[in-house]
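Opening the notebook on a new model today.

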Amino acid sequence: MSSANYMSPTSSTTTPTWHQFERKVDEVKPSKTDINYLVMDYLITNGYPAAAKKFAVEANIQPRADIESIQERVEIRTAIHSGNIQAAIEKINDLNPQILDENPSLHFALLRLQLVELIRTCMSTPNGDISPALEFATSQLAPRAPTNPQFLEDLERTLALLIFPTENLAPSLAPLLHPDLRKDIATRVNEAILQSQGARKEARLRNLVKLRAWAEQKAREAKKDLPEKLDLGLYDGNNVKNAQNASQNGASNDTVMTNNGDVDPMIS
């Protein structure tokens with residue numbers, strides 16, 4: 001064969017080689033409607049009403065829950081993400097005072113976060129007054145600390161922030177001033193509210209991803225024939241992309257997901 005008639009294989013002319021497992025996966029055709037409802041459930045459970053409304057329009061589906069009813073959770077999450085913990089606690093108690101009464105660990109975590117915010121304020125101000133932080137720790141946290149060894153350890157570690165400069169914090173202290181702490185507490189609060197309302201604490205989509213990860217782990221432990229790497233495949237359709245676009249472009253009333261680190265690894 002002459003060189004003029006020879007064509008080297010390229011990505012456009014070569015048929016990709018699929019693993020047998022991948023071919024089986026490709027044969028499964030889930031309902032687009034079911035997938036859309038999974039995404040909608042994720043947005044509602046995690047408290048993104050504006051994104052849910054926009055996604056409902058783009059996906060042409062009707063939400064299976066009252067989107068407006070999650071506004072209280074949105075306001076509480078927004079308050080926590082912005083560092084206004086006192087407002088968040090008041091809103092939680094207005095919604096259902098039993099949430100914190102029956103969950104002392106969550107209540108203490110919120111109060112400790114409030115102490116962190118007070119310390120953050122005094123540390124960010126030249127010659128900042130630390131007395132508000134000390135008074136709050138004495139009146140709100142110290143009485144609760146003896147009831148749980150973890151409470152006492154957390155309180156001592158938080159007060160240590162007053163001793164060391166922010167630019168030279170020990171690895172055990174630095175996370176206390178990181179925005180992820182606000183995010184973690186906000187997630188716990190959201191789950192507690194959902195549980196108090198008789199709803200699931202986590203979205204179905206997250207549960208499915210956890211189940212899939214567990215199944216893959218068990219299959220690999222059993223030496224099953226699997227590809228070296230298995231993608232989640234959530235970008236095969238436009239539904240999750242639409243949800244993410246909705247959260248970023250149409251969610252003026254939601255806490256911005258990207259700015260708060262809330263884009264879940266499942267859909268980012």
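My entries follow, from the whole chain down to single side chains.

**Ground rules.** This is a predicted model, so I take local features only at pLDDT of at least 70 and side-chain atom pairs only at pLDDT 80 or more, while totals for chains, interfaces and linings use all residues. Residues are numbered from 1 along each chain as its sequence is written, and side-chain values use heavy atoms, with hydrogens and water left out.

**Whole chain.** I looked up the secondary structure and got twelve helices and zero strands; helices here are DSSP runs of H or I with at least four residues, strands are E runs of at least two, and numbering goes from the N terminus. Buried residues make up 38% of the 268 in the chain (buried is under 20% relative accessible area, exposed over 50%, partly exposed in between, with a 1.4 Å probe and protein chains only).

**Confidence.** Mean pLDDT (the predictor's confidence in each residue, from 0 to 100) is 80, and 79% of residues reach 70 or more. I checked the ends: pLDDT stays under 50 over residues 1–12, with four contacts beyond four places in sequence, and also over residues 256–268, with 33 such contacts. A contact means heavy atoms within 4.5 Å. Where pLDDT is low, predicted coordinates should not be read in detail.

**Helix 10.** I compared its length with expectation: the 18 residues, 179–196, should span 26 Å at 1.5 Å a residue, and the end C-alpha atoms are 26 Å apart, so the two agree. The expected span is 1.5 Å times one less than the number of residues. Its buried residues include Leu 181, Ile 185 and Val 189. Among the elements covering the buried residues are helix 2 (32–45) and helix 7 (104–123). After helix 10 comes Gly 198, with a positive phi near 75°.

**Salt bridges.** I count twelve, each a side-chain nitrogen of Lys or Arg within 4 Å of a carboxyl oxygen of Asp or Glu. Glu 117 pairs with Arg 182, closest N and O atoms 2.9 Å apart. Glu 117 is in helix 7 and Arg 182 in helix 10, so the pair ties together parts 65 residues apart in sequence.

**Helix 11.** Arg 220 and Glu 216 form a salt bridge (2.9 Å, N to O); both lie in helix 11, four residues apart, about one turn. Arg 220 is partly exposed at 30%, whereas Glu 216 is buried at 18%.
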